[in-house]
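Biologist: I have not worked with this one before. Can you take me through it, starting with the charged side chains?

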Amino acid sequence: MATGGYQPGRVFRTVALSPPSSEWSGGRAGSGRGRQTLGRDQGWGERAKCRTGDPEELFVEGAAQARAKELCSGCQVRTECLAHSLDHRVEFGVWGGMTERERRALLKRRPTVTSWKRLLEAARSEYEDTSQVGPAAAS
């Protein structure tokens, strides 16, 4: 029987079932930041591909994490999910296609990022702008 640390169960299940909605209040406890608006990603949790699946599938270890990450592929709110997990230092589960270990490594490599939401939205916008140019412009 495991003592302390991560234990699969209802405590973490509520995290998977409760991605932020339009009522999300930003900031970590004690940060002094008040309610934030989410802009165009308001209510992204309701559009998440994993919303209808078994949340326990996202809180797995080892090789099962690769299967959990596959669920994120093609999800229309993957960027919002990943930004939420990074901004709020979510410690467990697969979020936005990244495991907890991958997120910790990313946070360690980029300690000066103050808003992953802003950074990832800017990167997505830049990608969309360059992908709209299309192959005709490259010739």
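Biologist: How many salt bridges does the count come to?

Modeller: The count comes to 3 salt bridges. Bear in mind that this is a predicted model.

Biologist: Why would such side chains pair up at all?

Modeller: Side chains of opposite charge can pair when their charged atoms come close.

Biologist: OK, what does Glu102 form a salt bridge with?

Modeller: The partner of Glu102 is Lys69, and their closest N and O atoms are 2.7 Å apart. Glu102 belongs to helix α4 (residues 100-109) and Lys69 to helix α2 (residues 64-72), so this pair ties together parts that are 33 residues apart in sequence.

Biologist: And how does Glu102 count in terms of accessibility?

Modeller: Glu102 counts as partly exposed, at 28% relative accessibility. Lys69 also counts as partly exposed, with 26%.

Biologist: Next one. Which residue does Glu80 pair with?

Modeller: Glu80 forms a salt bridge with Arg124, with 3.1 Å between the closest N and O atoms. Glu80 sits in helix α3 (residues 78-87) and Arg124 in helix α5 (residues 116-138), so the parts tied together here are 44 residues apart in sequence.

Biologist: Is Glu80 buried or exposed?

Modeller: Glu80 has 7% relative accessibility, so it counts as buried; the cut-off for that is under 20%. Arg124 is buried as well, with a relative accessible area of 15%.

Biologist: What about Lys117, which side chain does it meet?

Modeller: Lys117 meets Glu121 in a salt bridge, at 3.7 Å from N to O. Both are in helix α5, 4 residues apart, so about one helical turn separates them. Glu121 counts as partly exposed, at 23% relative accessibility.

Biologist: Changing topic. How many helices and strands are there in the chain?

Modeller: The chain has 5 helices and 0 strands. Along the sequence, the pattern reads α-α-α-α-α.

Biologist: What share of the chain is buried?

Modeller: Of the 139 residues in the chain, 35% are buried.

Biologist: And what about contacts, how many join residues at least 24 apart?

Modeller: That applies to 54% of the contacts between residues at least 6 apart in sequence.

Note on methods: Residues are numbered from 1 along each chain as its sequence is written. This is a predicted model: local features need pLDDT of at least 70, side-chain atom pairs count only at pLDDT 80 or more; totals for chains, interfaces and linings use all residues. Side-chain values use heavy atoms; hydrogens and water are left out. Helices (H or I, at least four residues) and strands (E, at least two) are DSSP runs, numbered from the N terminus. Buried means under 20% relative accessible area, exposed over 50%, partly exposed in between (1.4 Å probe, protein chains only). Contact means heavy atoms within 4.5 Å. A salt bridge is a side-chain nitrogen of Lys or Arg within 4 Å of a carboxyl oxygen of Asp or Glu.
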